Amino acid sequence: MPLQTMSQMLLVEHERGGKTGTLYSTLIGVALVLGVLTLLVKNMIPKLKLNEEALKRKETEESVRRFTATAVVGCLFNTILGPSAAIMATYISMTYDRTDHMRFAFTDSAYTEDPFTQRLYYTIVLIGELFGGYTIHQTVFWIIGWDKGLDTILHHIGFLTVTFIVVPTGAYIQLGLWAIAMEISTPPLMYYLSTRQLYPARVSTDVAAYLFSFLFIVFRVVIFSYVYLSTLFTLWSHPSLFPTTLSTTSHCAVLSLLGLGLVLQLYWSKAIFVKLKGIFV
């Protein structure tokens, strides 16, 4: 039987609600699994002794235990997810030309009759779905009070919205993958934020802080800034590369939200540079 093009497959799946239904099922399934794991980890954490800094911030053993549970799950999950996205994005960058449609959408019929390309597409979709499920998990636990910060919830909502737009359509795959690859910096951050509140002090806490700062600057500031700005320039100079599976409104939403996400990374980086300056200068 002849292979269908990806555009045809997506059309059939949208008509029967398959792809969208699968997306929602995966997102909810991942969020539920991570939620259950978080509750299990919380109950497995032994008694914690908080340091003076944590007590000054009016933290309690229960609040630290909750955050630590979400941190452990986040560390384990993103240790796999972030590098997987970075590897996929690097492969696409090395394989396809800067002005190639493949870097922007897998749904162009000229590229989708190859079985390898189809498998590559669905692998990338899976990475996007896993990221979406993890973001739902984070959002829910922020709502119930296990995490804090207005900038944090804005980050979750923004990237979750992009996931719902991009994943079902296969658009902006390289940009999306590098956005997910930013989670490479999450494990050392989660370790640092958890252990800095505990007594006695640990050398590994400082090591994690330095590692997070390095990964944050490399992936969230340097690489993502370059990929985002490069995407805007290429689309401006080659309008034909705009993914045809998205409406004008969706294009604007994706690029605007990812742009705001970049601004948020730069805002966070300011605090990181200030702390590094205080250490080394």
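Helices α5, α6 and α7 (173–181) each supply at least two residues of the lining of the largest cavity. Helices here are DSSP runs of H or I with at least four residues, numbered from the N terminus. A cavity is a set of points on a 1 Å grid, over the protein atoms alone, where a 1.4 Å probe fits but cannot get out, and lining residues have an atom within 4 Å of a point.

Before I go on, this is a predicted model, in which local features need pLDDT of at least 70, side-chain atom pairs count only at pLDDT 80 or more, and totals for chains, interfaces and linings use all residues. Residues are numbered from 1 along each chain as its sequence is written, and side-chain values use heavy atoms, with hydrogens and water left out.

Back to the cavities. The structure holds two of 30 Å³ or more. The largest has about 240 Å³ of space, where a volume is the space filled by probe spheres set on the points, and grid points are joined across faces, edges and corners. Of its 19 lining residues, Gly-128, Val-166, Val-167, Gly-176 and Ile-180 lie nearest the centre. By class, that lining has 15 nonpolar, four polar and no charged residues. Nonpolar covers Ala, Val, Leu, Ile, Met, Phe, Trp, Tyr, Cys and Pro; charged covers Asp, Glu, Lys and Arg; the others, Gly among them, are polar.

The second largest cavity has about 60 Å³ of space. Its lining includes Arg-98, Phe-104 and Thr-231. Helix α9 gives the most to this lining, with three residues. The classes here are two nonpolar, four polar and two charged.

Now the largest pocket. A pocket is an open set of points with protein on both sides within 12 Å along at least five of seven lines. This one has about 1300 Å³ of space. It is lined by 41 residues, and the closest to its centre are Phe-67, Thr-152, Leu-189, Met-190 and Leu-193. Which element gives the largest share of the lining? That is α9, with seven residues. The lining of this pocket has 18 nonpolar, twelve polar and eleven charged residues.

Last, the surface. Met-44 is found in helix α2 (residues 18–44). Is Met-44 buried or exposed? Met-44 counts as exposed because its relative accessibility is 67%, and exposed means over 50% relative accessible area, with a 1.4 Å probe and protein chains only.

Notes. Buried means under 20% relative accessible area, exposed over 50%, partly exposed in between (1.4 Å probe, protein chains only).
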